[in-house]
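User: I'm new to this structure and would like to understand the words used for it. Could you take me through them?

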Amino acid sequence: MTVGPAGTTEATPDRRDDLAAARGPQAAKSSRRKRTPGWLALLFLLPALVLLGVYLVYPVVYSVVRSMFDSDGNRFVGLNNYGEAFTDPSTRTALKNNLIWVLVAPTVVTVFGLLFAVLTERIRWAVAFRMVLFMPMAISLFASGVIFRLVYQEDPELGVANAAAVTVHDAFAAPSHYPGVRLRDGQGTVVGDGDYLTAKTYRPGDVVNLPLVGMQATALPPGASGAITPGGGSTALRGAAWLDVALLHGHPNAIDKVEKGAPGLTVQAVKDGAVVATTTTGADGTFSFPDLAPGDYRVQLPGSNFAAPFRGLTWLGPGLVTPVIISCWIWIMTGFAMTFIAAGLAAIPRDALEAARVDGGTEWQVFRKVTVPLIGPVLLVVFVTLVINVLKIFELVYVIAPGASQASANVLALQMWQVSFGAGGGDQGLGSAIGVILFLLVLPAMLFNIRRFRRERR
Amino acid sequence: MSSVVLNDVSKTYADGTSAVKELNLEISDGEFLVLVGPSGCGKTTALRMIAGLEDISGGTISIGSRVVNDIPSRDRDVAMVFQSYALYPHLNVFDNIAFGLVLRKLSKAEITKRVTEVAKVLQLENHLKRKPRNLSGGQRQRVAMGRAIVRSPQVFLMDEPLSNLDAKLRVQMRAEIARIQRDLGVTTVYVTHDQTEAMTLGDRVVVMKRGLLQQAGGPQELYDRPRNLFVAGFVGSPGMNMVSGVLEHRDDDSWWVTLGSQALRVPESVLTERPALRGYAGRSLIVGIRPEDMEDAAILGAEEGQVLKSVADLVEAMGSDVLVHFPVDVPPVMTDDIKELADDDAVAGPNVLSGTEDTVLVGRFSPRTKVFEGQSISVRVDTARLHFFDPRTGSSLWDD
């Protein structure tokens, strides 16, 4: 639409006439504006121009210039810094991690946001739920990072993630009570996965002694009672496993009065290399295989008896640190996505959903074929906004990743800072180059959003 | 196609408000039933319960031989036309109409065939590729109709489908809906607050007020034999004039109803038709006179006891007839029903002038009348068509 000299409006042919009419008064106003002197307009714009110039335009331009100089800023190096940025392994790790972030995080957050927005729409206390979900947004990124660094501490006593992991693990696989315990030397050989197999063979009716060493008597499971040697007169292959203390007056390989049985151990009877019977020791450490066929057997204590307890995952190690930081970001941003998407949902005409239900749609079909297409534009804006946000991620990586795994968790923004001011050695030329790369990466997403907003305003 | 039966259907919302109270209706196969009433009377709620969009608090609804109380909307095989049309904004006209068929996983060829057929009937063939936002109101309305028709459902449910159209289009679409319904013979429940729509479309009209059924019957029956003040005032446009009068049984065995300083003679035919009237001798009651039953006495002439004399207060020439407003010296009738009708903007209720001792009556005169404002007039009343209501209960006086 162009404004003629007389303040008339010339509508492009595809515009409707009433639109042109609506623009009439505005066009008249704009012609009046033309009569105000240019210097006056400039005067009013000056404060904003100065601020924008000093704090926005100048730093951007200077960064671009600086990126073409060496670390001292004295020698012009052309695009060398950019070349170095793409060959330097740590910058490449940062690029790779940024790519992972962009591919995973915004998608997950958008999906979660959609899920929560839809779910909270149909419950009572929806506002309360949404407020809780939105709250992480109110916490500074730095503080959130600290929270999650604590959550993912490796020691289950400190980190809630591992505490939960250990609890769940132990609920399914009972932890062994005898970590690191072994059969007294000479009583057996270690085969396979730390299984102890007796050297001698036994027949039904024999008594097998399994003296254990390598733990404190106080560490025995509660309920362990004094060890006894199973009596004679039985035809079963039987025996006892006990904690064999050889101190003071104790005798090795023999059951003394003070010694206690080792309950809960798995014991296997092995014939010709195959396990033929399995049993568990009682409170006094005794066990028995009553129904064995005549023949020669060895007795085996499977290594699982002595396995070290599950202590959770090394969350903050090099392998898992990036997913861990992404999980923290998801926790923070889901509330943001949900709030926007919920607003989009509220704008969907209720009738259209009801019509789809009457038309024969199941709730899922209604969601997929009506709800999602109708909030598509909102989802896109949220997604792009998240992409921009993700590319600039810095604080979380800086706070959550411990020094040892920071290199593996590196992202561009962090790398820029490291190179410019941190351990990287103060090369602000390279830092500026990385900054410019980051800027170029964000730019397309930014332009997309701006264009969208413009189109909506029209 | 099937019948729809509502048995003691009630709707109570979580906050305790009761929208529909023990509604009993039998809608036979192929019938066009109109639910009509002022806003908030529960007609839309009743419709939405049939559609399955609203839980049923009490009673049962059956479609065909199935009780559908616990059957979700999608399996009830009903099609609904919404007041807002509720088109899917992201789909073009073709896909809007085809939506229900796609969900039913019909073959592409079958869908195209049925949609094209329907589009032809509704004259939408040239618009199939357009999005709803690029359509005019009338076209949107037709798409909404098409979406309902294409599925050949058991029952059509229409929730004020014409109220967003301008007056001319409304009349046109009204005729179209009537024609389509007649051709397809699908059982239809139609909700409106417009009594003209109700009267013109319905095989049977159900008048509701505050969740209660007031009267159900053919349009002419509602007009001729309204069961109470509410129905009488609701049906007809302009609405029935209501004045309080006193019934007199004179010595010569003639019956008269006194309206202020004037009196009308109640003919024998009315007394035979309404035996209950005899019990009201000497008592006050509410007299209803339809505007159509009044005429300029100068044109028709009048006998004694058929004339009301007054001064023309306002004359509205409609072309086809002339509406003349004139006062009579009777205090206005103010019952709850009439207040409710007066509060509802959409209804052409009776004239109520509060705070005066006069009631303004409206007469519909022939256009040949030469009455002008301020002129003294004699109005001939067709006394055989007078209506009488009990002032306390508001119910019409027929037989005991």
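Analyst: Happy to! A word on the annotations before we start: UniProt positions follow the numbering used here, and the annotations may be inferred rather than shown by experiment. With that in mind, the unreviewed UniProt entry places "transmembrane region" at residues 39-58, 99-119, 131-152, 329-349, 370-391 and 430-450 of chain A. The model itself is predicted.

User: What makes up residues 329-349 and residues 131-152 of chain A in the model?

Analyst: Residues 329-349 of chain A are 86% helix and 0% strand, with end C-alpha atoms 32 Å apart. For residues 131-152 of chain A the figures are 68% helix and 0% strand, and the ends lie 25 Å apart.

User: Why is the reach of helix α8 of chain A called close to the expected one?

Analyst: The expected span is 1.5 Å times one less than the number of residues. Helix α8 (residues 321-346) of chain A has 26 residues, and its reach of 38 Å from first to last C-alpha is close to the 38 Å expected. Even so, α8 of chain A bends by about 35° at A:Met333.

User: What is listed for residues 4-235 of chain B?

Analyst: UniProt, in an unreviewed entry, lists "domain: ABC transporter" there. In the model, residues 4-235 of chain B are 36% helix and 25% strand, with end C-alpha atoms 25 Å apart.

User: Which peptide bond is cis, and where is B:Pro238?

Analyst: The bond from B:Ser237 to B:Pro238 is cis, with omega near -5°. B:Pro238 is in the loop between α8 (229-234) and β11 (241-249) of chain B.

User: How many residues does each chain give to the contact?

Analyst: Chain B gives 17 residues and chain A gives 15. On the side of chain B, β6 (78-81) and α2 (93-103) are the elements giving two or more residues. By class, that side of chain B has 11 nonpolar, 4 polar and 2 charged residues.

Methods: Residues are numbered from 1 along each chain as its sequence is written. Chains are lettered from A and ligands numbered from 1 in the order in which they are written. This is a predicted model: local features need pLDDT of at least 70, side-chain atom pairs count only at pLDDT 80 or more; totals for chains, interfaces and linings use all residues. Helices (H or I, at least four residues) and strands (E, at least two) are DSSP runs, numbered from the N terminus. The bend at a residue is the angle between axes fitted to the seven residues ending there and the seven starting there. Two residues are in contact if their C-beta atoms, placed from the backbone, lie within 7 Å. Ala, Val, Leu, Ile, Met, Phe, Trp, Tyr, Cys and Pro count as nonpolar, Asp, Glu, Lys and Arg as charged, and the others, Gly among them, as polar.
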